[in-house]
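Here is a short briefing on voids, backbone geometry and one surface patch. Please keep the structure open while reading.

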Amino acid sequence: MESVDFAEVLSPDPAHFEHAVKEDLSTIQAEFAALLRNVSDEKELATLKVHLLGKKGRITGLLKELGQLSPDERQACGKRINELKSYVEEALGEAEASFVDRQMRERLETEWVDVSLNLSRRPVGNLHPVSQVQYEIEDIFSAMGFEVLDGPHVETDEVNFEALNIPKEHPARDMQDTFYLEDGNLLRTHTSTIQVRGMQRLKPPFKIIGPGKVFRSERIDASHEVTFHQLEGMMVNRDIKVAHLIHFMKVLLSSIFRREVEVRLRPGYFPFVEPGFELDIRCLLCSGKGCSVCKQVGWVELLPCGMVHPNVLRAGNIDPDKYSGFAFGLGLDRLVMMRYGIDDIRHFHSADLRFIRQFR
Amino acid sequence: MQISLNWIRQFCPFETTESPREIGARFSLHTAEVEHWSIRGSNLSQILVAAVLGVKPHPNADRLTVVEVDIGRGEKRDVVCGAPNVRPGILVPYAAPGIVVDGHEIRETKVRGVLSQGMLCSEKELELSVDSTGLWELPPDALAGTPIATLRPDLRDVILEVDNKSLTHRPDLWGHHGIAREFSAIYHAPLLALKADDGLANSRGQSQIRVSVEGKGVGGRDGFCRRYCGLQIDGVRVSPSPDWLRHRLAFIGARSVNNIVDVTNYILFELGQPLHAFDTQRIEGAEVRVRRAHQGEELDLLDGQEVKLDHEDLVIADARSAIALAGVMGGAGSQITESTTSIFLESANFAPARVRRASVRVGKRTDSSLRFEKSLDPENARTGILRAARMVLDLCPEAKVIGPLKDLAHEPAQTIEISTSAAILTRRLGAEIEAREVRATLDRLGFLVRGDTGGEWKVRVPSWRATKDVSMREDLVEEIGRIHGYDQIKPFAPEWTCDSPRVNEHRRLERTAKEFLALHCGMSEIFTYSLVGAAHCQRFGLDPQSHLKLKNPMSEDMDRLRQEIAPMHLEKAVENQRYARSFGFFELGRVYRKKKDRRQASDLPDERSHLAGCISFEKKIPENFYTVRHFVLSLLERLRVADAQVVPPSEASIKPWAHPGVHARVRLRSKDCGQIYRVHPAIEAILGLEGDVILFDLDFDALFESRQREIIYQSPLKYPTVPFDVAVIAPERVPVSEIQEKIEKAAGKLLLSAEVFDVFHGEQSGQGQKSVAFHLIFGALDRTLSGEERKEIEERVMEALKSSGFPLRQ
């Protein structure tokens with residue numbers, strides 16, 4: 001690119017100066033205009049601007065030299081130089097604007113994308129649907145002041161059964177097919193163990209929940225798994241009543257399902273509660289018509305619950321004459337199945353991402 | 001258990017306009033879960049008594065006959081029939097065309113060329129029993145043309161099926177009379193008592209059978225038998241039971257055997273008391289002993305199976321050997337046969353735990369054992385045997401009870417009394433129920449309430465609830481609550497101070513970690529089983545013996561607790577590669593190891609939480625490892641785990657399934673806490689993995705321990721910082737961290753950060769060499785660095801690099 005020699009054109013020649021300040025400025029303006037026309041990019045324009053208007057620029061120089069003139073000349077020249085300056089400033093500004101304009105047009109014409117092209121395939125991950133529901137329920141209960149606890153998967157017979165009022169040879173042991181370890185311990189069959197450990201640690205009043213994995217030695221089929229998830233809840237204080245239990249269950253269910261669900265409470269037998277209840281909800285998968293999830297009954301046992309048995313309180317060093325409480329256990333897997341209409345519990349441990357990744 | 005509403009109404013004539021479904025639902029809400037209900041005999045009003053007038057052979061079929069029947073009012077029909085027992089003179093059920101029988105509509109149609117005007121029915125076709133051997137022969141005094149429903153109103157019934165599990169705690173609900181008591185309380189209807197013919201207990205004569213019971217009491221492991229009642233009846237005639245008895249048993253799913261066995265079953269389903277009938281003549285030595293079995297003693301059960309007994313089992317024995325497994329099943333040797341003329345009835349109360357154990361051990365959960373293990377009311381032993389004897393006498397008019405009832409009671413029935421009041425009971429429910437209603441409910445359920453209705457009460461628990469079901473106030477709360485109806489209780493919140501719950505930091509960190517991996521790293525959370533098999537362990541080079549084993553596994557491939565998560569992830573990666581090549585998943589799960597110094601039985605194994613992940617990439621390129629490395633390090637940063645370092649592996653840190661070269665150890669304060677690695681090429685080949693599979697595994701509990709709880713704030717630097725880039729040549733396998741350490745040491749405190757921004761392998765760096773470029777930033781908290789300071793640090797850094805054998809690259 002041919003560069004312009006500004007120094008030469010606007011040289012500090014006294015005669016030229018004389019000419020500039022005393023005569024007509026149109027020549028200079030014409031010269032300047034010619035220069036400006038030759039400027040081909042922003043960089044050259046900036047250089048020209050510095051040469052004319054910068055600290056050591058030509059026009060700035062002219063203004064400085066005004067001081068050497070007589071007052072009369074000074075006034076006349078000053079006026080002229082300032083006229084020249086405004087003229088130059090304006091012309092440069094216009095040139096600048098047209099450059100920006102041109103560039104913008106060029107960019108707009110050349111920059112383009114193919115919206116149908118998928119180049120950056122960075123996936124969005126997700127939590128397991130059971131975790132999602134678990135956290136959702138943890139949040140509901142935390143907001144109501146419940147503390148979240150956990151415990152070991154391998155448990156003693158004492159914690160899993162004895163402390164829950166299920167002595168050896170009790171028929172209720174049949175209700176849960178237990179995996180025993182060779183060392184005499186067992187895999188917890190319910191999260192009620194968290195309750196037991198909670199009572200041993202906390203002094204009433206307290207409100208706790210305990211979500212976690214549980215294990216049953218069951219034949220695996222569409223509605224039975226050897227590993228699934230429960231969420232245990234317990235509240236102990238003076239004078240806790242059945243009416244309180246029902247209240248919390250209703251709050252829980254309306255929060256989980258975010259809609260009206262039909263429920264029924266009926267007597268249920270669990271050795272660790274007295275009285276004990278089964279809370280059923282209308283099967284959401286088949287709306288009560290009967291399907292494999294609800295075993296054709298239309299109702300799904302969702303939640304065993306009840307008032308904590310005095311023996312259980314005693315085992316937890318709590319005086320049943322002073323305190324009472326309620327407890328409940330929620331099957332998280334079944335809850336997820338109902339929410340999404342999943343008809344096979346085996347998906348949960350399949351690690352099949354075609355299943356898991358639907359829950360983003 | 002199946003419940004016949006006709007049978008219930010015999011004890012409790014309750015009135016209702018509810019449908020069977022509604023009755024079932026109500027029973028579920030107040031007592032126990034009704035799983036199914038069915039209506040029986042709804043077509044019997046259309047099926048008529050028909051008299052067989054004549055039977056002719058079918059012209060075109062050997063096995064068929066053409067039967068002429070009188071269906072009343074002189075009307076006659078010809079029906080083609082295949083039943084072997086059809087003969088003139090008998091009365092049989094007749095279904096006219098248009099009537100639905102056993103799900104099929106009867107049509108007037110030609111059968112092999114002969115017109116058949118309806119159908120003659122067997123009991124099975126009328127769904128009365130399983131008998132399909134021939135036509136149901138009606139009593140000879142029935143009138144032709146009479147609807148069957150008029151002849152036998154008991155055959156129109158509703159059967160409810162109650163879930164046995166929901167009766168686990170209720171010994172009294174294992175017979176119709178107990179269920180009827182519930183109906184009485186639910187529907188406010190009267191309950192008729194079960195009467196026992198006490199006269200029979202004092203019959204004349206002398207039975208030759210001697211009865212003895214070894215051991216004492218019923219409780220604990222040593223408990224045997226709380227009560228044993230025996231009664232000899234001579235002159236019985238074993239024959240099929242009358243229709244009403246056969247049908248009643250069939251309706252509730254029981255098989256009719258003969259009149260004697262059917263009587264014992266009838267009482268079992270009526271009262272819930274199991275009975276057994278021995279053939280008196282087949283009791284050796286005329287002796288009945290209740291004793292423990294001899295170890296290894298053998299017994300042929302009446303279902304044909306031979307069992308080997310255990311010393312813990314309780315048996316009924318005669319002078320020679322065991323003749324019944326107590327409470328479970330009788331023996332074949334002493335069972336009732338067609339030729340039996342004298343029976344010895346047994347009605348006992350065996351120890352629940354002993355019956356349960358024996359029945360589980362020999363694999364026979366019988367109607368009897370199911371009841372005994374629930375702790376039956378000892379009073380029922382006597383009531384049951386006397387009611388059974390009465391029935392036997394009614395069915396066999398020539399029969400005679402020989403001698404007084406043998407009633408060996410070792411333990412007097414205990415009485416339980418509970419002090420309470422209506423106020424206490426309703427307070428626990430949180431419901432307003434009038435004291436009168438509370439008292440009435442208890443009355444109907446058989447509780448004896450003493451005291452003023454509005455004041456303190458002494459509540460006596462009836463014997464059928466006192467064996468272990470009801471013993472305290474809370475039990476009475478349940479009785480009131482369930483009969484009143486839980487849906488009648490108005491829920492409300494308890495008073496509670498508003499305090500914020502303590503936060504479970506571990507769980508919070510778990511959640512943060514999972515969400516980070518999902519949202520930042522694009523991975524999906526999976527669950528895998530905690531149980532693995534020996535083959536799995538061996539496949540991945542782990543010692544199966546070191547794993548914690550299950551005593552009662554379901555299968556060989558799930559018989560021990562895992563010590564590692566990653567191998568399962570590799571298997572899951574294979575499965576997922578069938579559908580996709582590029583994916584990532586993680587799991588926050590536990591691993592289990594035997595405790596090293598296990599002192600007592602109650603010591604639990606070591607359980608640790610691990611956060612493991614697996615990412616499958618399309619192509620095998622070095623960047624993949626660095627991607628996962630970045631995921632792990634940014635995760636640790638997010639979890640505020642301080643002092644984490646990624647260093648080369650040690651021999652011990654390399655798992656058998658891990659690539660030893662593409663492998664890093666994660667260290668926390670000089671302790672190993674995880675690895676990042678590519679799968680070993682050998683495992684890759686065995687499993688058939690494709691692409692590039694990189695795994696990581698972090699000891700999450702260790703991360704939790706070293707997390708920094710709080711953010712420590714520092715104000716942003718007030719003074720300008722100075723960048724400085726430097727590039728060196730280094731041998732290919734020298735870790736960049738080694739070079740960086742030299743820089744850090746030389747630069748000292750004024751080095752604010754050092755980052756590698758380029759690693760270059762090529763001709764310029766030379767064979768086996770690489771060029772590494774660092775971007776350094778110098779600065780101080782309290783001043784602007786002077787030109788000289790800058791220069792000096794830069795020189796120091798460059799000098800240190802050169803003298804360490806890393807020439808500078810210009």
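The notes below go by topic, from pocket and cavity to backbone and surface.

This is a predicted model. Its largest pocket has a volume of about 2000 Å³. Its largest cavity has a volume of about 290 Å³. The backbone notes cover a cis peptide bond between A:Pro204 and A:Pro205, another between A:Glu274 and A:Pro275, and positive phi values at A:Asn317 and B:Arg73.

**Largest pocket**

- The volume of the largest pocket is about 2000 Å³. Its lining has 40 residues, and the closest to the centre are B:Phe625, B:Tyr626, B:Arg629, B:Pro735 and B:Val736.
- Several elements of chain B each supply at least two lining residues. The helices are α16 (623-638) and α19 (736-747). The strands are β32 (644-647), β33 (658-668) and β37 (751-760).
- Helix α16(B) gives the largest share of this lining, with 9 residues.
- By class, the pocket lining holds 20 nonpolar, 9 polar and 11 charged residues.

**Cavities**

- The count is 4 cavities of 30 Å³ or more. The largest cavity has a volume of about 290 Å³.
- The lining of the largest cavity has 19 residues. Nearest its centre are A:Lys213, B:Arg507, B:Glu510, B:Lys514 and B:Leu588.
- Strand β30(B) gives the largest share of the cavity lining, with 4 residues.
- The cavity lining divides into 3 nonpolar, 7 polar and 9 charged residues.

**Cis peptide bonds**

- A:Pro204 and A:Pro205 are joined by a cis peptide bond, with omega at about 0 degrees. A:Pro205 sits in the loop between α9 (192-201) and β4 of chain A.
- A:Pro275 belongs to strand β7 (residues 273-282) of chain A.

**Positive phi outside glycine**

- A:Asn317 is not a glycine, yet its phi is positive, at about 60 degrees. Its place is the loop between α11 (310-315) and β9 (324-331) of chain A.
- A:Asn317 counts as exposed because its relative accessibility is 69%, and exposed means over 50%.
- B:Arg73 is not a glycine either, and its phi is positive at about 50 degrees. The residue lies in the loop between β4 (61-70) and β5 (76-81) of chain B.
- Is B:Arg73 buried or exposed? B:Arg73 is exposed, because its relative accessible area is 81%.

**Nonpolar surface patch**

- A:Val100, A:Met104 and A:Leu108 form a nonpolar patch on the surface. Together they have about 300 Å² of accessible area.
- A:Leu108 is part of helix α6 (residues 71-110) of chain A. A:Leu108 has 65% relative accessibility, so it counts as exposed.

Technical notes:
Residues are numbered from 1 along each chain as its sequence is written. Chains are lettered from A and ligands numbered from 1 in the order in which they are written. This is a predicted model: local features need pLDDT of at least 70, side-chain atom pairs count only at pLDDT 80 or more; totals for chains, interfaces and linings use all residues. Side-chain values use heavy atoms; hydrogens and water are left out. Patches are made of residues with over 30% relative accessible area and no salt bridge: like charges are joined within 9 Å, nonpolar side chains (Val, Leu, Ile, Met, Phe, Trp, Tyr) within 5 Å. Accessible areas come from the Shrake-Rupley method with a 1.4 Å probe; for residues, only the protein chains shown count as cover. A salt bridge is a side-chain nitrogen of Lys or Arg within 4 Å of a carboxyl oxygen of Asp or Glu. Buried means under 20% relative accessible area, exposed over 50%, partly exposed in between (1.4 Å probe, protein chains only). On a 1 Å grid over the protein atoms alone, a cavity is a set of points where a 1.4 Å probe fits but cannot get out, and a pocket is an open set with protein on both sides within 12 Å along at least five of seven lines; lining residues have an atom within 4 Å of a point. Grid points are joined across faces, edges and corners, and a volume is the space filled by probe spheres set on the points. Ala, Val, Leu, Ile, Met, Phe, Trp, Tyr, Cys and Pro count as nonpolar, Asp, Glu, Lys and Arg as charged, and the others, Gly among them, as polar.
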